[in-house]
Amino acid sequence: MATHQAVLIAGDGIGPEVTAAVRRTLAAVETPVEWIEHRAGIAALETGDDVLPDETLEAIGRYGVALKGPCTTPVGEGFTSVNVQLRKRLKLYAAVRPVRNLEGVPTRFDGVDTIIIRENTEGLYSGIENQITDDAVMSMKVATESACERIARWSFRFATRRQRKKITVFHKANIMKMTDGLFLRCARQIHQQEYPNIEYREVIIDAGCMKLVQDPTQFDILLLENLYGDVVSDLYAGLVGGLGVVPGANYGDEQAVFEAVHGSAPDIAGKGIANPLALLMSAVMMLNHLADTRNDESCRTAADRIKGAYDRALKDGKKTGDLGGDLGTEAFADAVIERL
Ligand code: NAI
């Protein structure tokens, strides 16, 4: 059996707990993955390293894939987000977050099956902030034609490969005429010139948010600039059961880093109650990515077995507290492993 090396970053907060549970589940299906452990964020700082050590970046560059736990970012002060740095430095420009209903997790809506694609490298995440006067600070929203075109083309290609029918862009180009205007123009152009068979819609984001809480099943793929993608991902997560059930992937042309949408959840860290499912689902995305890019069907088999097992566990009422159940992190992993 081929072995694939993948970087594992446990992160901090609930990161080490959910990562350990996921690692144990993957080991139980004899997944052909050898983990190469590296640090980032507070875990790296605590060992005297940089917040994003060069070795961690080099390892992801070398092995091409990583599974990452969440990393805390200090609010209003302190170091720049490790997550943002990682995405920018490795040019992981496309964040993909599939949001679906899960059987056994009752929510307000049925039939939600939307893929959020978030531009991951620019917008208000440029990190360019200045003190303008004693009274005024400024944050710069950056849009480049190359990055807007790149994410639009990637999204339409992704839609075609996944046999998805419709892409909707949420924007605020009525106010941010230049930045969001450029994002829209690029998406429109790629649609018209390269992918006219995919349906394409533009919705102003405030109205879009209202539409999606009224009926999230109307959206197939949502294409969003960085900050809108961040906010709408959590909003959508809330419609299908919360942050414990939404996985994610950050793709570039050379590397891919898989991580849940949720953060380090300091309010429940260390209690053994965090839901490891979102990271487990991200690991399933990683295995499918390995199957696709390295032509290794054993990765697909492992992914299918894990997915089948967590679906059965949820159907049997085996759930963590965030989903209304009474299992802790490890007990949920046990329930999945029993059903593999
Ligand atoms: P958060 O996602 O960590 O938590 C929001 C709420 O959801 C909390 O009540 C938390 O307990 C709950 N929650 C999150 N994940 C859960 C899980 N797996 N199981 C059960 N409950 C879960 O968001 P918050 O509080 O805004 O951010 C905390 C820290 O995480 C911040 O420092 C932030 O910058 C960082 N963060 C890191 C991300 C990453 O590493 N990719 C992504 C988002 C936030």
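The numbered points below describe a predicted model.

1. Domain division. The chain is split into domain 1, covering 1–96 + 243–340, and domain 2, covering 108–239. Taken over C-alpha atoms, the centres of domain 1 and domain 2 are 24 Å apart. To the contact between them, domain 1 brings 13 residues and domain 2 brings 17 residues.

2. Largest pocket, position. Two or more lining residues come from each of helix H4 (82–89) and helix H8 (226–239). Helix H4 is the element that gives the most to this lining, with five residues.

3. Largest pocket, composition. Which domains supply the lining of the largest pocket? Domain 1 (1–96 + 243–340) and domain 2 (108–239) each contribute at least three residues to that lining. By class, the lining residues of the largest pocket comprise 13 nonpolar, 16 polar and ten charged.

4. Second largest pocket, position. The volume of the second largest pocket is about 880 Å³. Its lining numbers 34 residues, and Phe158, Arg162, Tyr251, Met285 and Asp292 are those nearest its centre. Strand S4 (94–100), helix H5 (145–161), helix H9 (277–294) and helix H10 (297–315) are the elements that each give two or more residues to the lining of this pocket. Helix H9 gives the most, with eight residues.

5. Second largest pocket, composition. The lining of the second largest pocket likewise draws on both parts of the chain, with at least three residues from each of domain 1 (1–96 + 243–340) and domain 2 (108–239). Its residues divide into 15 nonpolar, seven polar and twelve charged.

6. Cavities. How many cavities of 30 Å³ or more does the structure hold? There are two cavities of that volume. The largest cavity has a volume of about 80 Å³, and the second largest cavity one of about 30 Å³.

7. Largest cavity. The residues that line the largest cavity are Glu119, Glu122, Gly123, Lys141, Val142, Ala143, Cys148, Thr179, Asp180, Phe183, Glu225 and Asn226. Helix H6 (residues 179–194) gives the most to this lining, with three residues. The classes in the lining of the largest cavity are four nonpolar, three polar and five charged.

8. Second largest cavity. Around the second largest cavity lie Pro98, Arg100, Leu102, Val245, Pro247 and Met281 as its lining. Five residues of this lining are nonpolar, none is polar and one is charged.

9. Helix pair, geometry. Two packed helices are described by the angle and the distance between their axes. For helix H10 and helix H11 (residues 329–338), the axes come within 8 Å and cross at roughly 115 degrees. Is this crossing of H10 and H11 left-handed or right-handed? The crossing is right-handed.

10. Helix pair, contact. From H10, the residues Ile306, Ala309, Tyr310, Ala313 and Leu314 meet Phe332, Ala335 and Val336 of H11. The residues of this contact divide into eight nonpolar, with no polar and no charged residues. Helix H10 is also one of the elements that give two or more residues to the lining of the second largest pocket.

Key. Residues are numbered from 1 along each chain as its sequence is written. This is a predicted model: local features need pLDDT of at least 70, side-chain atom pairs count only at pLDDT 80 or more; totals for chains, interfaces and linings use all residues. Side-chain values use heavy atoms; hydrogens and water are left out. Helices (H or I, at least four residues) and strands (E, at least two) are DSSP runs, numbered from the N terminus. Ala, Val, Leu, Ile, Met, Phe, Trp, Tyr, Cys and Pro count as nonpolar, Asp, Glu, Lys and Arg as charged, and the others, Gly among them, as polar. Domain bounds come from an automatic or database domain assignment. On a 1 Å grid over the protein atoms alone, a cavity is a set of points where a 1.4 Å probe fits but cannot get out, and a pocket is an open set with protein on both sides within 12 Å along at least five of seven lines; lining residues have an atom within 4 Å of a point. Grid points are joined across faces, edges and corners, and a volume is the space filled by probe spheres set on the points. Axes are lines fitted to C-alpha atoms, for helices over the stretch in contact, and angles run from 0 to 180 degrees between N-to-C directions. A crossing is left-handed if the near helix is turned anticlockwise from the far one by less than a right angle, and right-handed if clockwise. Contact means heavy atoms within 4.5 Å.
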